[in-house]
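Look at the model below before reading on. The report starts with charged pairs, then turns to the interface and the sheets.

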Amino acid sequence: MKFIVSSTELLGHLQAISRVINNKNTLSILDNFLFDLQGNTLFMTASDIETTLITSMQVDSAEGEGKVAIASRLLLDTLREFPEQPLSFDINNSNLAMVITSANGSYNFIGQNGDEYPRLPEMQEDAQSLSLSVPQLSSGISKTLFCTADDELRPVMNGVYFDIKDKEVTLVATDAHKLARFTVPYLNSSVTDEQQAAFILPKKPAAMLKNILPKESGEVNITFDNKNARFSLSKYTMVCRQVEGRFPNYAGVIPQSNLHRIILDRLSFVNALKRVSVFSNQASNLVKLDFSVNQLRISAQDIDFSISAEETINCQFGGEALKIGFKSSFLIEILNNISSSDIVLELSDASRAGLILPFEKEKDEDVLMLLMPMLIND
Amino acid sequence: MPGATRKIIHVDMDAFFASIEQRDHPEYRAKPLAVGYSGNRGVVAAASYEARRFGVHSAMSSRLALRRCPGLIFLPPRFEHYRAVSRQIRAIFEEYTDLIEPLSLDEAFLDVSKNHKNMASATRIAQEIKASIRSQTGLTASVGVSFNKFLSKIASDYNKPDGLFVIKPSDAEAFVEKLPIEKFFGVGRVTAERMHRMGIRNGLDLKRLTKAELVASFGKMGHVFYGYARAIDTRAVEAQHLRRSLGTETTFSENLTDNKDLLLCLQELTEELMRRIGKSEFKGRSLSLKIKYEDFKIVSRSYTASGYITESQTLFKIGRKLLQEAEVSKPVRLMGLSLKTAASNRSLWKSNLQLSIPFETFSVESQHS
């Protein structure tokens with residue numbers, strides 16, 4: 001088979017899917033991209049068995065059809081060094097010898113038999129479907145992914161939970177210290193109003209989506225059965241295994257009636273936290289928040305190094321004085337994942353979950369972040 | 001310092017493994033001897049004083065040891081035997097006190113402030129212990145006597161071998177002032193170099209720095225050094241030495257490069273570690289994988305779980321993940337796996353202060369994997 005492609009366009013597609021490839025594979029065929037030429041369309045696949053990414057692009061002067069597996073590192077290293085130009089690929093289907101011809105030279109590879117590349121899992125017949133807008137999924141993934149756990153003892157938390165009911169889809173992630181919940185109405189779904197359906201998307205494919213979604217627009221169609229999930233976009237398709245098991249009951253842990261409600265300017269809060277937290281104990285990252293009428297005092301100290309810092313910023317708060325401690329790195333991460341310029345803090349007391357909410361809501365999207373405090377001694 | 005002056009003894013057996021072998025094999029007495037394997041990949045576990053004169057010391061590769069001392073006799077270690085002798089010595093300690101903190105088979109701290117024989121003189125106790133060790137085991141020990149752990153350990157090192165040295169409270173500060181900085185607890189090669197650059201060569205130099213200066217340069221250890229420079233060390237002799245980690249490692253007869261071989265080895269290490277965990281009832285949350293490459297460069301990767309790692313499947317899964325993270329493109333000569341109670345203060349802090357979301361599902365559920 002033969003075809004001609006733009007070097008940078010090909011590189012862009014391959015780089016996007018190459019992130020799924022593991023550095024070390026027990027199955028050596030997975031070190032390769034699978035190229036599959038069908039008519040004028042070139043399909044490219046990368047996989048780690050659990051997650052598979054497929055992308056496609058139109059090529060010029062296509063002749064013949066076929067499949068070949070090409071060493072991913074060799075190909076990427078070569079493509080990276082070309083300035084934009086057409087490259088011609090010529091692959092001998094019988095012995096898999098491959099030549100790339102550029103303006104100035106030629107590069108010879110030997111491919112591997114494309115039939116050895118693992119096949120995609122088939123979806124079961126009772127698979128459900130769901131479609132939503134690409135920007136909304138993109139926003140949902142990036143606002144929840146940072147809360148996923150890395151916990152071999154509780155694998156169900158190492159992913160983003162998709163909970164579909166009442167014409168809405170809710171994405172939830174938690175590592176048992178912090179939790180993010182994101183809800184949007186979906187466009188279409190096979191899940192009826194009386195039903196509920198759910199699956200857990202593992203961390204790695206979620207991170208792949210976070211990377212690919214900004215390159216896309218329009219709709220994303222999600223198909224899932226009880227084992228796998230498929231995300232279909234205009235240029236990319238991702239198929240992945242779900243995390244098995246039951247996601248913890250997140251709704252039951254979100255406090256409904258936190259008494260204290262404080263409104264803060266998000267950026268001045270984050271910036272003050274960043275400065276003060278430099279002086280927190282390096283192991284605990286503990287910062288103390290002291291709320292009094294319309295004022296927040298942020299303080300931290302590291303007794304080991306005899307250093308301390310404090311800052312006072314304005315806020316809207318009318319209640320009684322309140323003190324609470326948080327791990328500053330968690331709090332900063334949460335605030336960085338909210339887009340609104342003002343935020344609402346809903347607190348109960350120093351040992352109960354605090355809620356962090358955007359003050360101005362994005363259209364149709366409901367965002368809630370929860371953070372457990374750290375105990376303070378005074 | 002809390003309360004009355006304590007009486008602490010540090011007992012350090014002289015070339016313990018090598019001395020046992022020389023005692024049991026008269027033909028090797030007064031000869032350079034090393035315990036360990038002489039093969040290409042062996043290391044010296046212990047060296048007799050005769051061998052030390054040639055520059056042979058423990059943890060040295062056997063090849064280098066043989067180069068320094070061509071007539072060096074190698075004996076394979078008999079750890080069960082050494083443990084038995086160690087128990088014999090411990091029985092001697094127990095005649096005086098129950099406050100015994102063993103540091104290894106050949107080293108222990110004893111708090112004899114109160115002792116079973118109601119003896120007032122710690123020096124007298126030290127003399128009796130030395131004599132009993134010699135008469136019951138035929139071995140010699142170096143013993144340090146002082147009023148805290150730091151000083152008693154320095155004292156035992158002062159007159160090695162077969163020494164007995166006492167640092168009295170009235171002499172302590174003067175003694176510490178003259179002490180080279182390398183001899184301080186917690187001062188390794190790197191810290192010693194930093195100290196030298198700061199112009200600190202001995203205890204007196206150290207004493208000239210304020211607490212704030214020491215803390216600024218050495219962090220938490222700054223507080224400790226500040227105390228040491230003033231002959232202060234409040235750490236108690238802890239009779240029940242809590243196990244902090246449990247591990248196993250293996251050096252391959254041939255360097256490994258293939259991922260499959262490494263995984264196979266990981267499987268074996270996992271099983272061995274599980275066996276040891278089962279035997280000791282030790283529980284740990286943090287798993288470390290250690291890899292030594294053919295060029296002797298060592299890397300380690302660790303992972304701290306949210307709870308105790310108790311199942312071999314979980315252990316293997318985490319091990320495999322750590323192996324993925326470590327670069328194994330270079331040939332590997334050694335692989336080790338160890339389980340620790342917690343990775344560091346970091347996770348300790350986390351578990352103490354950071355509250356967790358009270359999910360119902362996880363409060364009672366035992367883990368499936």
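## Salt bridges

Over all chains, a search of the whole structure finds 41 salt bridges. A salt bridge here is a side-chain nitrogen of Lys or Arg within 4 Å of a carboxyl oxygen of Asp or Glu. One of them joins A:Glu310 to A:Arg297, with the closest N and O atoms 3.3 Å apart. A:Glu310 lies in strand S23 (residues 307-314) of chain A and A:Arg297 in strand S22 (residues 295-302) of chain A, so the pair ties together parts that are 13 residues apart in sequence.

This is a predicted model: local features need pLDDT of at least 70, side-chain atom pairs count only at pLDDT 80 or more, and totals for chains, interfaces and linings use all residues. Residues are numbered from 1 along each chain as its sequence is written, chains are lettered from A and ligands numbered from 1 in the order in which they are written, and side-chain values use heavy atoms, with hydrogens and water left out.

## Where the chains meet

The contact (heavy atoms within 4.5 Å) takes 39 residues from chain A and 37 residues from chain B. The area buried between the two chains is about 3400 Å², and carbon and sulfur atoms give 63% of that. Buried area is the accessible area (1.4 Å probe) that two parts lose on being put together, summed over both. Which residues of chain B lose the most area to chain A? They are B:Gln354, B:Leu355 and B:Ile357, together 19% of what that side buries.

Three salt bridges are counted between chain B and chain A. In a salt bridge between the chains, the side chains of B:Lys317 and A:Glu152 meet at 4.0 Å, N to O. Helices (H or I, at least four residues) and strands (E, at least two) are DSSP runs, numbered from the N terminus.

## The sheet of chain A

Eight strands of chain A form an open sheet with antiparallel pairing, in the order S16-S12-S13-S14-S27-S26-S25-S20. Two strands pair if DSSP finds at least two bridges between them. S16 (197-202) and S20 (260-265) are the edge strands, and each pairs on one side only. Six bridges join S20(A) to strand S25 (residues 342-347) of chain A. In S25(A), A:Leu347 is the bridge partner of A:His260.

Helix H5 (residues 266-277) of chain A packs on the sheet. This helix touches S20 and S25 of chain A, and its direction makes about 85 degrees with that of S20(A). Axes are lines fitted to C-alpha atoms, for helices over the stretch in contact, and angles run from 0 to 180 degrees between N-to-C directions.

## The sheet of chain B

In chain B, three strands form an open sheet in the order S3-S2-S4, with mixed pairing. The edge strands are S3 (44-47) and S4 (73-75) of chain B. Strand S2 (residues 33-36) of chain B runs parallel to S4(B), joined by three bridges. B:Ala34 has B:Phe74 as its bridge partner in S4(B).
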